[in-house]
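Hi,

Here is the structure I promised to pass on. Have a look at it first, and then read my notes below.

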Amino acid sequence: MAARTTKANPIPSVWARRTREADQPALSRAAIVREAVVMLDADGVEALSMRKLGARLNAGATSLYRHVATKDELMELAVDEVFGEIAVPPADGADWRAAATGAARSFRATALRHRWLASVLGQAGLAYLGPNLMSFSERLATLFADAGFPEPERAIETVLSYVIGMSTTEAAWLTTVARSGESEADFIARLMPAAQQAAADHEHLAEAYAAEVADPAALRDGKFAYGLEVVLDGLALRRPEASDRP
């Protein structure tokens, strides 16, 4: 009987397969990904399709598949593309909190420019294998390792869990506001009477909703900054030098 050969199942990620030689020089993977990000920013994940993307690029879906095998791979590439926008300030261990704050703010700003990002991070396949995301993770790991954290990956997970959670909620809210066609301040002003009525029988909520929201963006900034400070306060206690204090 002839020897039976088995073929390993390929890893379902754009980062785990070889790139085919381009046979259509005018259409590059980089151009495809840039246009996909534009479409995602404008209309969201549900509206993106290979057919629509091909039409925007004056290319058929078959041509796109020569560069990107599936929509899932396209999302991996789009996620990695926007991660290239996130800055991680150098800290050299001296002021890790300022550097971590800068990275968190840059992540949030990127997630609010690309409001689809935070909601797809857990769905975008093996996006974390992409070069930009790898670079981002390595720079964060260096920041926390240089600051003396014995398990820098735990610190990264803690900060990113907060930032992603806040950014996901904030991006969803801003998407709702944008769909209304109103400014954020006008949308809140129209919503507030109904919110105040719903909260009327709840002491603390009624007090919270009684305040006028003059600057919604500043209010969101303040909420994000407060929570981030709390997270970093907790991480600071995990540093070895903190545990040695009386």
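How many aromatic pairs does a search of the whole structure find? The search finds eight, where rings of Phe, Tyr and Trp (its six-membered ring) pair if their centres lie within 6.5 Å, and planes under 30 degrees apart count as stacked, over 60 as edge-to-face and the rest as tilted.

Before the details, a word on the basis: this is a predicted model, so local features need pLDDT of at least 70 and side-chain atom pairs count only at pLDDT 80 or more, while totals for chains, interfaces and linings use all residues. Residues are numbered from 1 along each chain as its sequence is written, and side-chain values use heavy atoms, with hydrogens and water left out.

Back to the rings. Trp96 and Phe144 make a tilted pair, with 6.2 Å from centre to centre and 55 degrees between the planes. Trp96 sits in helix α5 (residues 96–113) and Phe144 in helix α7, so this pair ties together parts 48 residues apart in sequence. Trp96 is buried at 5% relative accessible area, and Phe144 is buried at 1% (buried means under 20%, exposed over 50%, partly exposed in between, with a 1.4 Å probe and protein chains only). Tyr162 and Phe224 are also tilted, because their ring centres are 5.5 Å apart and their planes stand at 35 degrees. That pair ties together parts 62 residues apart in sequence, since Tyr162 is in helix α8 (residues 152–180) and Phe224 in helix α11 (residues 216–236). Tyr162 and Phe224 are both buried. There is also an aromatic cluster of Phe83, Phe107 and Phe136.

As for the fold, the chain has twelve helices and zero strands (DSSP runs numbered from the N terminus: H or I of at least four residues for helices, E of at least two for strands). Of its 246 residues, 37% are buried. Among contacts (heavy atoms within 4.5 Å) with a separation of 6 or more, 71% join residues 24 or more positions apart.

Gly44 follows α1 with a positive phi, near 90 degrees.

Finally, Ala185 is in helix α9 (residues 184–199) and is partly exposed at 32% relative accessibility.

Cheers
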